[in-house]
Amino acid sequence: MAATRTAAPAVVCDRVSRHFGIDGDIVIALDDVSVRIEAGELAAVVGPSGSGKSTLLGMIGCVDRPTSGTVTIRGVEVTGLGRGDRRGIRRHVAATMLSAPADNLLLDRTGSHNIMVAARQRGSTGADIGGLERRLGIDRFASQVAGRMSGDRKTHV
């Protein structure tokens with residue numbers, strides 16, 4: 001007998017599209033994309049430059065909203081939430097690192113130090129930073145200075 005899942009999926013994007021108006025033209029960044037990521041599941045978003053990876057991750061990280069479709073994070077449909085509620089999701093549920101490390105990190109500090117600062121800003125003592133680094137699969141980079149790390153957008157829910 002198969003185990004029954006009782007917890008809500010970590011992420012559900014249902015028929016998500018994102019269109020941008022640029023200089024009078026419509027640019028389609030995402031078109032009718034559906035994704036379901038279960039809690040504890042590791043997922044990779046891959047594709048060529050300009051394929052919508054960062055746009056999708058921005059919506060999962062509550063930084064952006066789709067033009068159509070819905071995004072649900074841990075059972076909460078976030079598409080229609082206001083700025084403050086989306087900020088709350090970002091602070092307590094979904095974390096997004098932007099492509100440019102300078103937008104997110106203390107470049108002259110290690111990865112571990114940056115994680116500790118973020119933990120303290122969210123009211124955590126940061127007592128088990130090493131455990132968090134292992135769970136996220138970044139422990140091998142934690143001692144590197146942030147300014148020497150490669151940049152890309154990553155979202156953790």
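Buried means under 20% relative accessible area, exposed means over 50%, and partly exposed lies in between (1.4 Å probe, protein chains only). At 32% relative accessibility, arginine 87 therefore counts as partly exposed.

The structure is a predicted model, in which local features need pLDDT of at least 70 and side-chain atom pairs count only at pLDDT 80 or more, while totals for chains, interfaces and linings use all residues. Residues are numbered from 1 along each chain as its sequence is written, and side-chain values use heavy atoms, with hydrogens and water left out.

**Overall composition**

Four helices and six strands make up the secondary structure of the protein; helices (H or I, at least four residues) and strands (E, at least two) are DSSP runs, numbered from the N terminus. Read from the N terminus, the elements follow the order β-β-α-β-β-α-β-α-α-β. Of the protein's 157 residues, 27% count as buried.

**The sheet**

Four strands form an open sheet in the order E2-E1-E3-E4, with antiparallel pairing. Its edge strands are E2 (25–37) and E4 (76–77), each of which pairs on one side only. Two strands are taken to pair if DSSP finds at least two bridges between them. The pairings are tabulated below.

| Strand pair | Sense | Bridges |
|---|---|---|
| E1 (residues 11–22) and E2 | antiparallel | nine bridges |
| E1 and E3 | antiparallel | five bridges |
| E3 (residues 68–73) and E4 | antiparallel | two bridges |

Valine 12 has partners in two strands: arginine 36 is its bridge partner in E2, and threonine 72 stands opposite it in E3. Valine 11 is bridged to isoleucine 37 in E2. In E4, valine 76 stands opposite isoleucine 73. E1 and E2 form a hairpin with two residues between them, and aspartate 23 in the turn has a positive phi of about 50°.

**Helix H1**

Helix H1 (residues 53–60) is largely enclosed by the rest of the structure, because six of its eight residues are buried. The buried residues in H1 are Thr55, Leu56, Leu57, Gly58, Met59 and Ile60. Serine 54 also lies in H1, but this residue is partly exposed, with a relative accessible area of 32%. The C-alpha atoms of serine 54 and alanine 29 are 9.4 Å apart in space, with 25 residues of separation in sequence. Just after H1, cysteine 62 takes a positive phi of about 60°.

Arginine 87 is found in helix H2 (residues 83–92). A positive surface patch is formed by Arg65, Arg83, Arg87 and Arg91. Patches are made of residues with over 30% relative accessible area and no salt bridge, with like charges joined within 9 Å and nonpolar side chains (Val, Leu, Ile, Met, Phe, Trp, Tyr) within 5 Å. A salt bridge is a side-chain nitrogen of Lys or Arg within 4 Å of a carboxyl oxygen of Asp or Glu. Lys and Arg count as positive and Asp and Glu as negative, while His and the chain ends are not counted. The place of a charge is taken as NZ of Lys, CZ of Arg, CG of Asp or CD of Glu. Accessible areas come from the Shrake-Rupley method with a 1.4 Å probe, and for residues only the protein chains shown count as cover.
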